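Q: Could you walk me through how to read the covalent links and ring contacts in a model like this one?

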Amino acid sequence: MLRTRGCHINRRRVGAVVMLAVGFSLTFVVFSKSTFQVRTSARWQISRLERRCCPSEKKTSTVKFFKTVEGQDTFLYSAIVNHEEPVHGEINIIITAFDSTATDDLTCCVVMNNKKLYTTTASVYYKYYIEEYFSSVLEMFKNAPTKAKQYSCVVPQIGFQASHVMLTSSSCPETLEDYLPVIYPRKVPDGLAICAKASFGDKLNPNILMEWFEMQRLLGVDKIQLMDLHNPEPIQKVFRYYTDLGLLDLLPYELPGEPAPPFIYPYPLQASHDETFPILDCRQRLAGYTFVLGHDMDEIAIPARHIDLKTFFKEQLQVYPDAAGFYFWTEFFVYDWGPENNNSDITIFRYLNSTPPRWECKKYVYLPNRVSQARTHAFTPRSPYRTYNLPQEEILLHHYRVCPHVWDTCNTPKITDSSVLRFREILVARLEQARVATGIRPK
């Protein structure tokens, strides 16, 4: 997982024109079957970016998963339709991007039905900022060089479907290969999804990862979205298994642009933008689900009663009908304390001692059609909806990790929470199937 601060880890940078009056100006261009006759400008090429590895070394790498705006370091990842914001009922294309530039003066090139082009002014839909006080003050003086940002391209509903889009500071690209495909979120009524942000490096334990996936299945999760940043083969085996089951949507990820130097402990400001970027994409891509959980891959939300999460959240909506989403109290199951149960090879059954519930590193579930935006530890409700904190007697977030370095001491009060043991019989059977399929077992 990309982690920052006490709850998280630092980034590693490794033809004819017709003007239409429809409330705003759009340019309409008809294309031939294979090429766009916009103008005779040269076709844009994917940029080669300079990456700073360390003070004495510079490397060059090719962006694989982003489209680059010509002439500037603006890197576009996804373009997803949102029918609610910023203009209700229109085709709002939300483009999630990394941006290293100071200008937002861009034009949307929107291809309709693969052959007609509209142009309109791009607007900034959302700029991520760091909410933690100390870091937010620093960011006023020393910005993260490559920021997580979203642009919107608004096209009226006139009977065409947006198929591709690109941003430009000059002319529109001439071939579809230089555009982002426009994604329409799949509608999953009563569906429950998890935005698991991004996974990287060799820190994840594949056995614990399988436990996490299986617990989410048992709790009724329908889909998990995760970005893959250079994970090793044992982790990839686990990902392939759950992708084949239909549970996991694994998206490729990279970190274009300039990384921040580690000028402040405990993490560079850039890392916060890097870990928020997948959440911005999730908010749009998972919009067709009824519920979306914000989780890392060491966190499990467990209701006090033996019911699945979808049933539990539906019950909460009966109590709080104006809810945009809910926050959970957290129990920390700290590996530094050692296991309480040595008779199991399943980590969540071995570590049963936790802190009492804490209002720290809180996580949430939200309803996409009632929320504008989400971040790692918070989400923004749309009016007239509001947020609620669920009682710790109803549901708790189980967080399995080493002792957070921001704690003054790891010798905190402890309780024993064995509620996870109610899943023992079925989880053991499910994990055995996963172990056989992947060939991965505890050592």
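This is a predicted model: local features need pLDDT of at least 70, side-chain atom pairs count only at pLDDT 80 or more; totals for chains, interfaces and linings use all residues.

A: The torsion about the S-S bond is -85°, which gives the link of Cys 109 and Cys 172 a left-handed sense. Cys 109 belongs to strand S8 and Cys 172 to the loop between strand S12 (162–168) and strand S13 (180–183), so this pair ties together parts that lie 63 residues apart in sequence. Both Cys 109 and Cys 172 are buried.

Q: What is a disulfide in general, and how many does a search of the whole structure find?

A: In general, a disulfide is a covalent bond that connects the sulfur atoms of two cysteines. Here, a search of the whole structure finds four disulfides.

Q: Which parts of the chain does the pair of Cys 108 and Cys 153 link?

A: Begin with the bond: Cys 108 is joined to Cys 153, S to S 2.1 Å. This pair links distant parts of the chain, with Cys 108 in strand S8 (residues 107–112) and Cys 153 in strand S11 (residues 147–155), 45 residues apart. The link of Cys 108 and Cys 153 is left-handed, with -85° about the S-S bond. Cys 108 and Cys 153 are both buried.

Q: Is the link of Cys 403 and Cys 410 left-handed or right-handed?

A: The link of Cys 403 and Cys 410 is right-handed, with 140° about the S-S bond. The sulfur atoms of Cys 403 and Cys 410 are 2.2 Å apart.

Q: Why does Cys 403 count as buried?

A: Cys 403 counts as buried because its relative accessibility is 18%, and the cut-off for buried is under 20%. Cys 410 is buried as well, with a relative accessible area of 18%.

Q: Now the rings, please. How should I read an aromatic pair?

A: In general, two numbers describe a pair of aromatic rings: the distance of the centres and the angle of the planes. In this structure, the search finds 24 aromatic pairs. One of them is Trp 212 with Phe 213, an edge-to-face pair at 5.2 Å centre to centre and 75° between the planes. Trp 212 and Phe 213 are both buried.

Q: Which residues do ring pairs link into a cluster?

A: Ring pairs link Phe 66, Tyr 77, Phe 98, Tyr 253 and Phe 277 into a cluster.

Q: Where does the charged end of Lys 414 sit?

A: The charged end of Lys 414 sits over the ring of Trp 337, 4.6 Å from its centre. Arg 358, in turn, lies over the face of Trp 407, at 4.3 Å from the ring centre.

Terms used:
Residues are numbered from 1 along each chain as its sequence is written. Side-chain values use heavy atoms; hydrogens and water are left out. A disulfide is a pair of cysteine sulfur atoms within 2.5 Å. Helices (H or I, at least four residues) and strands (E, at least two) are DSSP runs, numbered from the N terminus. Buried means under 20% relative accessible area, exposed over 50%, partly exposed in between (1.4 Å probe, protein chains only). Rings of Phe, Tyr and Trp (its six-membered ring) pair if their centres lie within 6.5 Å; planes under 30 degrees apart count as stacked, over 60 as edge-to-face and the rest as tilted. A charge sits over a ring if NZ of Lys or CZ of Arg is within 6 Å of the ring centre and within 35 degrees of the ring normal.
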